[in-house]
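Could you walk me through this structure, stop by stop? I have it open in a viewer and would like to know what to select next.

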Amino acid sequence: MVKPSRSYRVFQGVNGVVLTLVVLVTLYPFTNILARSFSGERQIRAGEVTLLPKGFNLTTYKIVFQDEMFWRNYGNTVLYTVVATAVAMVLTTCYAYVLSKKNLKGRGVLVGVAVFTMFFTGGLIPNYILVTSLGLKNSVWAIALPNAISVFNLLVMKAFFENLPTELEEAAQIDGLSTYGTLFRIVLPLSKAVVATMVLFYSVSFWNSWFSAFLYMDRTDLMPVTVYLRNLIQGATGGGNAGAGTEQLSQVAANIQSVTIVLTALPILCVYPFVQRYFVSGVMLGAVKG
């Protein structure tokens, strides 16, 4: 066994210190939000809360849990995320698989159309008019369809499909599989890593999205929980200079914001570790023999 050189050991030490500092800086905001959500109102107003809760209380959690609108909006967020992610994955996967075929006629035009939308859009007002004229307002489709394909995700999947061995698809065609059969029975099982990554990207994007719902939803009971959170933030900052009473209410709202942020981010934090393992897995290991 070769003994590491002194310079390499120094590099490892410096690298470990730098990465540890990066982790600590990254974790600090999350830890502070979590501590604030369990802290008392007086300690929050005094700015005493940093990494650990002070004046521990669960009053704000009880208030949020008892708010029927919060849970209704929370359920809307789950529904919108699941439906929109499913629609986005179907469209993105099919489009990317088509674009990965280098012998496809008009392939350059299709790629150009996709890339064009990365830099130019129809604008906010035309999009609103289009969604309204199609009768999509106040429905899940107003959130799912306008944002169904992310061009960045599309190009990532396209590049992944292009790197798959063509021998696999040729063998599937010899065995009598159709194009869709090849996609669903050969290509997708070998693409778990990129599919899991795209599902995570889309689900996080739709989970955090609030502007589309704010724009296309007229009823409060149809809003996602991100709009609920946005309304809390707006209520907390809207009257910051209106006097001591309002300032006190603003600080109380800060505690509610922290609780809502924790409850909103918790599902993504729970799902992420299970998807993370696909990012580094060697999916193509052993896919081609000989």
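This is a predicted model: local features need pLDDT of at least 70, side-chain atom pairs count only at pLDDT 80 or more; totals for chains, interfaces and linings use all residues.

Residues are numbered from 1 along each chain as its sequence is written, and side-chain values use heavy atoms, with hydrogens and water left out.

**Stop one: aromatic rings.** Rings of Phe, Tyr and Trp (its six-membered ring) pair if their centres lie within 6.5 Å; planes under 30 degrees apart are stacked, over 60 edge-to-face, and the rest tilted. By this rule there are 17 aromatic pairs. Select Phe 70 and Trp 71: this pair is edge-to-face, with 5.2 Å from centre to centre and 75 degrees between the planes. Phe 70 is buried because its relative accessibility is 0%, while Trp 71, at 41%, is partly exposed (buried is under 20% relative accessible area, exposed over 50%, partly exposed in between, with a 1.4 Å probe and protein chains only). Both belong to one aromatic cluster, whose members include Phe 38, Tyr 74 and Trp 207.

**Stop two: helix H11.** Now select residues 192-208, which form helix H11 (helices are DSSP runs of H or I, at least four residues, numbered from the N terminus). Among its buried residues are Ala 193, Leu 200, Phe 206 and Trp 207.

**Stop three: a loop.** Finally, pick Asn 138, in the loop between helix H6 (124-133) and helix H7 (141-144). Asn 138 is not a glycine, yet its phi is positive, at about 60 degrees. Most residues other than glycine have a negative phi.

Conventions:
Helices (H or I, at least four residues) and strands (E, at least two) are DSSP runs, numbered from the N terminus. The expected span of a helix is 1.5 Å times one less than its number of residues.
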